[in-house]
Amino acid sequence: MRYPMADIAEVDDDIREHILAVSEKTGFVPNVFLSLARRPDEFRAFFAYYDALMEKETGNLTKADREMIVTATSAANHCLYCVVAHGAVLRIYAKDPFVADQVAVDYAHADITDRQKAMLDFAMTVAQAPWTITEEDHAALAAHGFDAEDAWDIAAITGFFGLSNRMAHIAGMRPNPEFHLMGRTPREKRSTEAAAPAADTADSREPADTDAPAPTETARQPSESTAAPAPATPTPKEANRR
């Protein structure tokens with residue numbers, strides 16, 4: 001880390017409560033919290049917008065969809081912290097131990113639905129060449145059941161994590177070791193199921209990874225190609241739609 005992380009004993013009370021609530025659910029404090037806590041106003045603004053985008057209950061994006069957008073676009077931005085942290089949460093929400101690695105490396109050949117590939121095509125264009133977006137891009141989303149508000153959500157998540165990716169880079173932020181193993185193997189059922197640990201927030205309303213892994217949204221499909229994977233960060237929309 002290029003910047004010192006905050007001492008939890010010295011932060012403002014509301015920020016301390018937020019961080020402790022996260023650690024109670026996850027069993028550890030994700031480094032992003034202590035990294036941002038040294039700048040209290042930015043901490044509050046960041047997590048308020050995070051919650052507005054990632055915890056909303058309206059629209060056609062599932063929580064797994066939202067984490068998939070973060071994982072894919074963070075890979076395009078070469079953000080180690082966000083790929084590892086949000087990839088972990090994606091595995092849990094999707095109940096699929098393979099999906100995050102596939103999406104981060106080459107979502108076009110990942111075992112995800114055509115709907116999700118259309119969603120990621122749009123997100124990657126927003127991330128890499130937003131000035132090229134036309135009505136054709138919106139129509140491609142609509143063909144898979146996404147409406148105009150969903151397009152806004154996809155773009156907002158992509159843009160917000162573009163900020164997060166860049167700040168993680170300049171801060172030299174490293175993912176906590178715990179993230180690497182989360183969601184990779186099923187855990188035994190517990191009498192009271194905890195909420196899924198979140199990379200950036202304490203408020204998770206979906207069940208934890210307590211069952212054997214299941215495919216994302218539909219039955220796992222065979223890979224579209226057995227050829228060597230394409231680069232992790234495809235260029236604007238033509239490359240995304242190869």
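These legends describe close-up views of a cavity, a pocket and a helix pair in a predicted model. Residues are numbered from 1 along each chain as its sequence is written. Local features need pLDDT of at least 70, side-chain atom pairs count only at pLDDT 80 or more, and totals for chains, interfaces and linings use all residues, while side-chain values use heavy atoms, with hydrogens and water left out.

**View 1. The largest cavity and its lining.** A search of the whole structure finds 1 cavity of 30 Å³ or more (on a 1 Å grid over the protein atoms alone, a set of points where a 1.4 Å probe fits but cannot get out; lining residues have an atom within 4 Å of a point). The volume of the largest cavity is about 40 Å³ (the space filled by probe spheres set on the points, with grid points joined across faces, edges and corners). Tyr-50, Met-54, Glu-55, Lys-63, Arg-66, Glu-67 and Tyr-93 line the largest cavity. At least two lining residues come from each of α3 (40-54) and α4 (63-76) (helices are DSSP runs of H or I, at least four residues, numbered from the N terminus). α4 gives the most, with 3 residues. The lining holds 3 nonpolar, no polar and 4 charged residues (Ala, Val, Leu, Ile, Met, Phe, Trp, Tyr, Cys and Pro count as nonpolar, Asp, Glu, Lys and Arg as charged, and the others, Gly among them, as polar).

**View 2. The largest pocket.** The largest pocket has about 300 Å³ of space (a pocket is an open set with protein on both sides within 12 Å along at least five of seven lines). It is lined by 14 residues, of which Ser-35, Leu-36, Arg-39, Glu-42 and Met-167 are the closest to its centre. α2 (31-36), α3 and α9 (148-171) each supply at least two residues of this lining, and α9 has the largest share, 5 residues. By class, the pocket lining has 9 nonpolar, 2 polar and 3 charged residues.

**View 3. The contact of α3 with α9.** The axes of the two helices come within 10 Å and cross at roughly 150 degrees (lines fitted to C-alpha atoms over the stretch in contact, with angles from 0 to 180 degrees between N-to-C directions). α3 and α9 are therefore roughly antiparallel (angles over 145 degrees). From α3, Phe-46, Tyr-49, Tyr-50, Leu-53 and Met-54 make the contact with Ala-156, Ile-157, Phe-160, Phe-161 and Ser-164 of α9 (heavy atoms within 4.5 Å). The contact residues divide into 9 nonpolar, 1 polar and no charged.

Technical notes. Parallel < 35°, antiparallel > 145°, perpendicular 65-115°, else oblique.
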